[in-house]
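Please look through the sequence and the model shown here before reading on. The points that follow are meant to be checked against them one at a time.

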Amino acid sequence: MHGIIHKTLKEYVVAKTDAETWEMIVDRVDLEPTLYLPISSYDDHEIDRILETLSSMAVQNGRQIERDFGRTLAPELLTTFNAHFRDDWDLFDVLEHLESITAGVGAATNANSLPTVSGTRVSAERVRVTYRTDRERVHCGLAQGILEGLADAFDGETTVTETACVRDGDETCAFRVERQ
């Protein structure tokens, strides 16, 4: 998994709790203390284990934590990968080009396990986004949170509603992104 996700997860945990809690999570999941670099790749299972441990320690369930983390991650993704979209694009332009943006990020970073993400404009005020991954664990809440964070970064007057979920037996996770 791309290092920006690991780096931002560490920052998220420290911001929501404190550095001691992060160290306790690292110890519980038996990770080597690491300086996560945004340009490096790290084991997917680290994210899974960190999120599971954080969820077991928190009052929120795992999906709520993933979603909240996704909102935090979205601005970092926009900043890190801004070369893959045009400055004059609005939220819906970015969502419509998710497939090519993801392909560009994958090619530029030699990422081998990016999710398949696509956006289809349904109307002037609505885009349908699908998310599918071949990873062992599907992070639907994270995907929804990233979409919500993107909406906040662009205009904030947008709702994101999950319309299908792999965890419920659907082939992909799908979201309706709609301007208010």
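At which residue does helix 4 bend, and which proline follows within four residues?

1. Helix 4 bends by about 30 degrees at L73, and the proline that follows within four residues is P75. The bend at a residue is the angle between axes fitted to the seven residues ending there and the seven starting there. Helices (H or I, at least four residues) and strands (E, at least two) are DSSP runs, numbered from the N terminus.

2. The structure is a predicted model, in which local features need pLDDT of at least 70 and side-chain atom pairs count only at pLDDT 80 or more, while totals for chains, interfaces and linings use all residues. Residues are numbered from 1 along each chain as its sequence is written, and side-chain values use heavy atoms, with hydrogens and water left out.

3. Helix 4 has 19 residues, and from its first C-alpha to its last it reaches 26 Å, close to the 27 Å expected at 1.5 Å a residue (the expected span is 1.5 Å times one less than the number of residues). Its buried residues are I65, E66, D68, F69, G70, L73, A74, L77 and L78, where buried means under 20% relative accessible area, exposed over 50% and partly exposed in between, with a 1.4 Å probe and protein chains only. What covers these buried residues includes helix 1 (3-16), helix 3 and helix 7 (140-154).

4. Helix 3 (residues 44-57) and helix 4 (residues 62-80) pack at an angle of about 120 degrees, with their axes 9 Å apart; here axes are lines fitted to C-alpha atoms, for helices over the stretch in contact, and angles run from 0 to 180 degrees between N-to-C directions. The contact (heavy atoms within 4.5 Å) is made by L51, L54 and S55 of helix 3 together with G62, I65 and E66 of helix 4.

5. D30 lies in the loop between helix 2 (19-28) and helix 3, and its phi is near 60 degrees, a positive value in a residue other than glycine. Most residues other than glycine have a negative phi. D30 counts as exposed because its relative accessibility is 68%.

6. T158 lies in strand 3 (residues 158-164) and is buried, since its relative accessible area is 12%. Not counting residues up to four places away in sequence, T158 touches L91, F92, A151, V177, E178, R179 and Q180.

7. T172 is placed in the loop between strand 3 and strand 4 (173-179). Leaving aside neighbours within four places in sequence, T172 is in contact with T130, Y131, R132, A164, C165 and V166.
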